[in-house]
Amino acid sequence: MSINFSKASMVVMLLAVALFSTAQEDKYADTYSCKTGMVHFFSATAMENIDATSNTSLCILNTKSKKVVVKIKQSGFLFKDKLMQEHFNENYMESEKYPYASLDMEIAENLDYSKDGEYDVTLKGTIEMHGVKKEREIKGKLSVKNGAPSVATAVFMVKLADHNIKIPSVVGANIAEDVKVDVNFVFEKFHK
């Protein structure tokens, strides 16, 4: 009888291990990521244009919870003018003190990922930049291909004053109060 119990115990233990492993895999079944997301911003003034791009942003999208999280390394933005890049990091964004900007949002719409196409989406949640969180609503597009999110894009404005980003009066004419931001994230299945 102890032999049967031992076999039964072994079977139960193997099933538990198999279920636990499957549960861990299923934990990320609805999760997609982009590790090289493009975030670009542009500010136009009469004096000069400010133009920078980062291709190192991280975006995670969970299709079941509709959660979207983005993390952007401030010092990852590259400018054509190195002095402008230095001023951006040291004087305006204070990148050592506030190394990341982030979005913590949810997709408002109920999307059917079984139908390929491009969908208008609304993200609702917070943007944190320069240590200040701001409730926002961002309109964008989400492409679905082969039953999964493929590409997400959005264009929106950020008001510097909303995030306590101060522009010295000496250079005030060189920097617009509102900055145009556009993003492009190409997704793949998330792997831990």
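This is a predicted model: local features need pLDDT of at least 70, side-chain atom pairs count only at pLDDT 80 or more; totals for chains, interfaces and linings use all residues.
Let me turn to the aromatic rings. A pair of such rings is described by the distance of the centres and the angle of the planes. The model contains six aromatic pairs. One of them joins Tyr28 and Phe190 in a tilted arrangement, 5.1 Å centre to centre and with 45 degrees between the planes. This pair links distant parts of the chain, 162 residues apart: Tyr28 is in the loop between helix H1 and strand E1, and Phe190 is in the segment after strand E10.

Another pair, Phe77 and Phe88, is edge-to-face, with centres 5.8 Å apart and planes at 75 degrees. Phe77 lies in the loop between strands E3 and E4 and Phe88 in helix H2, so the pair ties together parts that are eleven residues apart in sequence. Phe77 is buried at 4% relative accessible area, and Phe88 is also buried, at 10%.

The charged end of Lys71 sits over the ring of Tyr100, 4.4 Å from its centre, and that of Lys189 sits over the ring of Tyr32, at 4.8 Å.

Finally, I come to the strands. E6 and E7 run antiparallel and are joined by 13 bridges; Val121 has Gly140 as its bridge partner in E7. In their hairpin, two residues stand between the strands, and His130 takes a positive phi near 55 degrees. E7 also runs antiparallel to E8, through six bridges.

Terms used: Residues are numbered from 1 along each chain as its sequence is written. Side-chain values use heavy atoms; hydrogens and water are left out. Two strands pair if DSSP finds at least two bridges between them. Helices (H or I, at least four residues) and strands (E, at least two) are DSSP runs, numbered from the N terminus. Rings of Phe, Tyr and Trp (its six-membered ring) pair if their centres lie within 6.5 Å; planes under 30 degrees apart count as stacked, over 60 as edge-to-face and the rest as tilted. Buried means under 20% relative accessible area, exposed over 50%, partly exposed in between (1.4 Å probe, protein chains only). A charge sits over a ring if NZ of Lys or CZ of Arg is within 6 Å of the ring centre and within 35 degrees of the ring normal.
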